[in-house]
Amino acid sequence: STKIIMDSDPGIDDAAAITIALNHPDLDLQLITTVAGNVTVDKTTLNALKLTRFFNRDVPVAAGAPQPLIKPFEDAVRIHGVSGMPGYDFPSDLAQPLPEPAVLALRNQLMAETEPVTLIPTGAYTNVALLFKTYPEVLSHIKEIIAMGGALGKGNMTSAAEFNVFTDPHAAEIMYQSGVPITMVGLDVTMKALLTAATLDKLATLNRTGAMLYALFNHYHDGAKGGIPMHDVNTLFYLLHPEAFTTEKMWIDVQTDGPANGETVGDIRGAYHDGKTNANVCVDIDAAAFNDWFLKTVAAIK
Ligand code: BDR
Ligand code: CA
C-alpha cells in the first residue's frame, strides 16, 4: 500500500477524502495536518480529530497554519457551514492533536520514513510552503504531491481562481516552484466528477460511514447541475486510478496579485517556459467510474 500524508481543511469534501484515506486497504495514512481554509484551523483540527475518533484510528493529527502567508484569511463557511462538518453528531471524547505544529510534524514524519512519501494537500498550501522554506531537507523525501486546487478553466472563488489557491496564492507559487513532482487535480476535473443523485441515494443506506457522509453532504452548499463535487476525493481517486484521468504536462505559474489573483496559469502552448514543465495537470476524468469507485470504497468501510 502507498504511504500518504493528508494536509487538509475539513470541510465536507475533505472529510470524505480523510474517510477514504483512513480506511482504504491500498493507502497507509501516516499523518493528518490541518490548515485554515474552509473554516479556522482550530475547527479544521477538531474536525480531523472527529474523523479519527469516528473510525477509532490513532493516526496523528497536527494543527497547522492559522492564516495564509501574506493574504488575509477568508473562510468558506457559506459552503461548509460554521463548524466545517455540519449535520452529523460526532462523539465528543476526542484525542488531542500532536504537541508540535504541523510543519514540524511533517518534517519529522518525512525524515523518519525510509521511502519517499506521497503528500496530498486538499486545503490551501500554507503548511507545504512553510515546510519547504523551513526544512528544505524534506524535499527529497517526498515522492510526489497530488494537490487539489487550481483550474485551467474558470475558478470558483473568482472568475480566475479556485478556492485553495485563492486562499494562499503565495504558498501555491512556492509549492509549484519547489521541483517536487506535482499532479494538479483542479476544477477542470472535479467539476466533472459530480456525485449524482443516484449515488447519494445509495450512500444514505449503505452503512454507518455512508450515513455519516450522507448527513454531511446534506449540509454542503457546493453544487452544480447534475450533482455535488467531491473535489478533494479526486486526489485519492487519481492516486489509485490514474487510468480514469487524462493528464497533460505543462508549467504552472500562480498569479499573486490583481484581478487574476490565485489563478493557476498553465503554459499550455509551452511558449512561455520553452516547453519546460513543473506539473502533471488533470484535464479530464471518467465521472461514472468515479461514482462507482466512491460507492464501492465506502461500502467496504466497516
Ligand atoms: C476546494 O475548496 C474547498 O472549499 C474544498 O474543500 C476543496 O478543497 C475546492 O475549490
Ligand atoms: Ca479542502
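Predicted model: local features only at pLDDT ≥ 70, side-chain atom pairs only at ≥ 80, totals over all residues.
Visitor: Got it. Which residues of α4 and α5 meet?
Guide: From α4 come Ala102, Val103, Leu106 and Arg107, and they meet Asn127, Leu130, Leu131 and Thr134 of α5. Sorted by class, this contact has five nonpolar residues, two polar ones and one charged one.

Visitor: And which hand does the crossing of α4 and α5 have, left or right?
Guide: The crossing in which α4 passes α5 is right-handed.

Visitor: Let's zoom out. How many helices and strands are in the chain?
Guide: The chain has 12 helices and 12 strands.

Visitor: What does the radius of gyration say about the chain?
Guide: For 302 residues, a compact globule would have a radius of gyration near 19 Å, and the chain has 18 Å, so the two agree. Taken along the principal axes, the C-alpha atoms fill a box of roughly 50 × 45 × 35 Å.

Visitor: How much of the chain is buried?
Guide: Buried residues are 51% of the 302 in the chain.

Visitor: Which residues of α9 and α10 are involved?
Guide: Leu200, Leu203 and Ala204 of α9 meet Gly210, Ala211, Leu213, Tyr214 and Phe217 of α10. By class, that contact has seven nonpolar residues, one polar residue and no charged residues.

Visitor: What is the angle between α9 and α12?
Guide: There the angle is about 5 degrees, with the axes of α9 and helix α12 (residues 287–299) 10 Å apart. That makes α9 roughly parallel to α12. On the α9 side the contact is made by Thr199, Lys202 and Leu203, and on the α12 side by Asn291, Phe294, Leu295 and Val298. The classes here are four nonpolar, two polar and one charged.

Visitor: So which residue of α9 turns up in both contacts?
Guide: Leu203 does: it is listed in the contact with α10 and again in the contact with α12.

Visitor: Changing topic: where is the cis peptide bond that involves Gly11?
Guide: That cis bond joins Pro10 and Gly11, with omega of about -5 degrees. Gly11 lies in the loop between β1 (2–8) and α1 (12–23).

Visitor: What is the phi of Asn56?
Guide: Asn56 has a positive phi of about 50 degrees, although it is not a glycine. You can find Asn56 in the loop between α2 and β3.

Visitor: Is Asn56 buried or exposed?
Guide: Asn56 counts as exposed because it has 8 C-beta neighbours inside 10 Å.

Visitor: And what is the phi of Asp274?
Guide: Asp274, not a glycine either, has a positive phi of about 55 degrees. Its place is the loop between β11 (264–266) and β12 (279–285). With 8 other C-beta atoms within 10 Å, Asp274 is exposed.

Visitor: What does Arg57 touch?
Guide: Leaving out residues up to four places away in sequence, Arg57 touches Leu22 and Thr52. Arg57 is in the loop between α2 (41–54) and β3 (61–63). Arg57 counts as partly exposed, because it has 13 C-beta neighbours inside 10 Å.

Visitor: How far is Phe90 from Gly186?
Guide: Their C-alpha atoms are separated by 30 Å, and the two residues are 96 apart along the chain.

Key. Residues numbered from 1 in each chain as written. Chains lettered and ligands numbered in written order. Left-handed = near helix turned anticlockwise from the far one by under 90°. Helix = DSSP H or I, 4+ residues; strand = E, 2+ residues; numbered from the N terminus. Contact = placed C-beta atoms within 7 Å. Nonpolar A, V, L, I, M, F, W, Y, C, P; charged D, E, K, R; others polar. Rg over C-alpha atoms; globule rule 2.2 N^0.38 Å. Buried ≥ 20, exposed ≤ 12 C-beta atoms within 10 Å, placed from the backbone. Axes fitted to C-alpha atoms, helices over the stretch in contact; angles between N-to-C directions. Parallel < 35°, antiparallel > 145°, perpendicular 65-115°, else oblique.
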